[in-house]
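This report describes a single protein chain, part by part. The sequence and structure come first, and the notes follow.

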Amino acid sequence: MDMSNILNLTKILLEGLGTTLSIFILTLIIGIPAGIIVAIAKNSKCKMITWITKIYILIIRGTPMMLQIIFVYFAPYYLFHISYNRFVAVIIAFVINYAAYFAEIFRSGMLSVPKGQKEAAFTLGMTKTQTFFRISLPQIIKRILPALSNEVISLIKTTSLAQIIGVTEIFALAQKQASFQFSIVPLCVAGVIYLVLCAVITIAFHKAEKKLDYYTIT
């Protein structure tokens, strides 16, 4: 296969880039706040809320993402005879899944901030809100960035599972081209595209870590 064919193939695969990035961005926009809420719920003083949260996280972390996507899309139809958009089902499944993982990351970050710093801030007359945003939050972000970057990189690759229920993204197009051409080249090109996306994310997180270097973690 010559370079012109590879360029043409790349153009075809990039038609699915919009869907891939949409899944990625929407999952982050909705999943990160949801993860924070779940993290707070798991640290709740109410035992019922804590146990419900623990069971939710256990189920999500203990079952395959593929099964979760299938369940979210088909369960409403079999249980309530309700059908809805496949893309919406993918977003719901991804948010439910990644919120559980983000929650554990955020919870570990929250627990890592020494209580003494909060007490010192209150002594200086700072409110709870001021203490959280000025003292706790910068340290939490600094601590969770490495783990968060791993999950975000994992997310961009996991978007390929959307094809399970017929959502066409980069990898789905690559598989179709591979079957049509009887070649693994389309899959290799898709791999390069994912590699570039992961490289961009890695660089972005690296720059974010550098900006937060002035926060010393002890």
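## Nonpolar core

In this predicted model, the largest nonpolar core contains 49 residues, and Leu13 and Phe94 have the most contacts inside it. A nonpolar core here is a set of buried Ala, Val, Leu, Ile, Met, Phe, Trp, Tyr and Cys residues joined through side-chain atoms within 4.5 Å. Buried means under 20% relative accessible area, exposed over 50%, and partly exposed in between, with a 1.4 Å probe and protein chains only. At least two residues of this core come from each of helices H1 (3-13), H2 (17-42), H3 (47-62), H4 (65-80), H5 (86-112), H7 (128-158), H8 (170-181) and H9 (185-211). H5 gives the most, with 12 residues.

Which residues does Leu13 touch, leaving aside its neighbours within four places in sequence? Leu13 is in contact with Ile170, Leu173, Ala174, Pro186, Val189, Ala190 and Ile193, where contact means heavy atoms within 4.5 Å.

## Fold and dimensions

The chain has 9 helices and 0 strands, and its pattern along the sequence is α-α-α-α-α-α-α-α-α. Helices (H or I, at least four residues) and strands (E, at least two) are DSSP runs, numbered from the N terminus. The C-alpha atoms fill a box of roughly 70 × 45 × 25 Å along the principal axes.

Of the contacts between residues at least 6 apart in sequence, 75% join residues at least 24 apart. Buried residues account for 39% of the chain's 218 residues.

## Cysteines

Why does a search of the whole structure find 0 disulfides? A disulfide is a pair of cysteine sulfur atoms within 2.5 Å. The sulfur of Cys188 lies 16 Å from the closest cysteine sulfur, in Cys198, which is too far for a bond. Cys188 is partly exposed, at 45% relative accessible area, whereas Cys198 is buried, at 11%.

## Surface and charge

The chain carries 19 positive and 8 negative charges, whose mean positions are 12 Å apart. Lys and Arg count as positive and Asp and Glu as negative, without His and the chain ends; each charge is placed at NZ of Lys, CZ of Arg, CG of Asp or CD of Glu.

## Basis of the values

Residues are numbered from 1 along each chain as its sequence is written, and side-chain values use heavy atoms, without hydrogens and water. Local features need pLDDT of at least 70 and side-chain atom pairs count only at pLDDT 80 or more, while totals for chains, interfaces and linings use all residues.
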